[in-house]
Amino acid sequence: MKVTVRKTNNFTGHRDCVYALTGSTGQYFFSSGGDGMVVKWDLDNPDKGELVAQVPTSVYAMRFIEDLNLLVVGQNFEGIQFVNVDKNRVENSIKTGDTAIFAIEKVQDNLIVGLKSGVVLILNIDTLMPVKRLDYSQDSARSIAVSELRHEFAVGYSDSKIRIFDLSTLSIKNEIAAHTKSVFKVQYSPDGLYLLSGSRDAHIKIWNTDNYILEESIVAHMYAINDMAFSPNGKHFVTCSMDKSIKVWDYSTFSLIKVIDKSRHAGHGTSVN
């Protein structure tokens, strides 16, 4: 299947690495990173970024909650900030310990937060109180993926393992010795049939969610795989890497379709986070 790629815009203004992106279903998305600037961007006006908050430390994880018009910002070593994007101000915060925050996901009324300490915190959005603390590793909880179809969520850790948890009971269902190095990304396929993982070992691994048996292992990049996402129609997924490239894959065959990089598409000159 042929895929055509063209660069449409550059969004410039950050003064350090961009680590976190999150979007709405409409016209806007948000970015943050090493400079602590939280910026709102209009897809049609790339030169008009709007600063909605400035936090004093770096940001690795954010999540926009559209129905509340609330941006959840993981401020490393300080905790979680809740930013009202209408008023451009931090309205609330919660301390999560003197540690980096690598992942934030929302499920119903709760946030699932992955910390460098290895702890996964479940927090109630309304009360900002902890619901549960999942303490299964002393190595970083790097990535979280939720499958409401399967009523579970997966966490990728720096101990090279993936752990699967039940959404209702928050009990552990499975533990997979997945990679040889840190698991930087876990992602369920939209149909719930597979869990994909990407690692510092540069491999993509595809796990059958019926039994979490390995279906396929792909040497996908030259260096660490930092992130992964599916297309809205579920036909493709993309990976991005420390090797400065983005790769487009066919979901039905797990085959590589396109490489997006600096030489071919005026892409990034450093790690794609």
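This is a predicted model: local features need pLDDT of at least 70, side-chain atom pairs count only at pLDDT 80 or more; totals for chains, interfaces and linings use all residues.

Student: Why is S160 called buried?

Tutor: Buried means under 20% relative accessible area. S160 has 14% relative accessibility, so it counts as buried.

Student: Why is the pair of F11 and F29 called edge-to-face?

Tutor: Ring centres must lie within 6.5 Å for a pair, and planes over 60 degrees apart make it edge-to-face. The values for F11 and F29 are 5.2 Å centre to centre and 80° between the planes, and the pair is therefore edge-to-face. F11 belongs to the segment before β1 (18-23) and F29 to strand β2 (residues 28-33), so the pair ties together parts that are 18 residues apart in sequence.

Student: Are F11 and F29 buried or partly exposed?

Tutor: F11 is partly exposed, its relative accessible area being 28%. F29 is buried, at 18%.

Student: How do you know that the pair of Y194 and Y251 is edge-to-face?

Tutor: The ring centres of Y194 and Y251 are 6.2 Å apart and the planes stand at 80°, so the pair is edge-to-face. Y194 lies in strand β18 (residues 194-199), and Y251 in the loop between β23 (246-250) and β24 (255-260), so parts 57 residues apart in sequence are tied together. Both count as buried, because Y194 has a relative accessibility of 19% and Y251 one of 11%.

Student: Which aromatic cluster includes Y194 and Y251?

Tutor: One cluster is formed by Y194, F230, F237, W249, Y251 and F254. F254 lies in the loop between β23 and β24, and its phi is near 60°, a positive value in a residue other than glycine. F254 counts as buried, because its relative accessibility is 11%.

Student: What makes β9 and β12 the edges of their sheet?

Tutor: The sheet is open and has 4 strands in the order β9-β10-β11-β12, with antiparallel pairing. β9 and β12 (130-135) each have a single partner strand, so one side of each is left without a neighbour in the sheet.

Student: How do you know that β10 and β11 pair?

Tutor: Pairing requires at least two bridges. β10 and β11 have 5 bridges, in the antiparallel sense, and therefore they pair. G114 stands opposite V120 in β11.

Student: Which residues have the most contacts inside the largest nonpolar core?

Tutor: I80, F82, L111 and V113 have the most contacts inside this core of 17 residues. Strands that each supply at least two of its residues include β7 (79-84) and β10 (110-115). Leaving aside neighbours within four places in sequence, I80 is in contact with residues including V72, I101, V113 and L123.

Note on methods: Residues are numbered from 1 along each chain as its sequence is written. Side-chain values use heavy atoms; hydrogens and water are left out. Rings of Phe, Tyr and Trp (its six-membered ring) pair if their centres lie within 6.5 Å; planes under 30 degrees apart count as stacked, over 60 as edge-to-face and the rest as tilted. Buried means under 20% relative accessible area, exposed over 50%, partly exposed in between (1.4 Å probe, protein chains only). A nonpolar core is a set of buried Ala, Val, Leu, Ile, Met, Phe, Trp, Tyr and Cys residues joined through side-chain atoms within 4.5 Å. Contact means heavy atoms within 4.5 Å.
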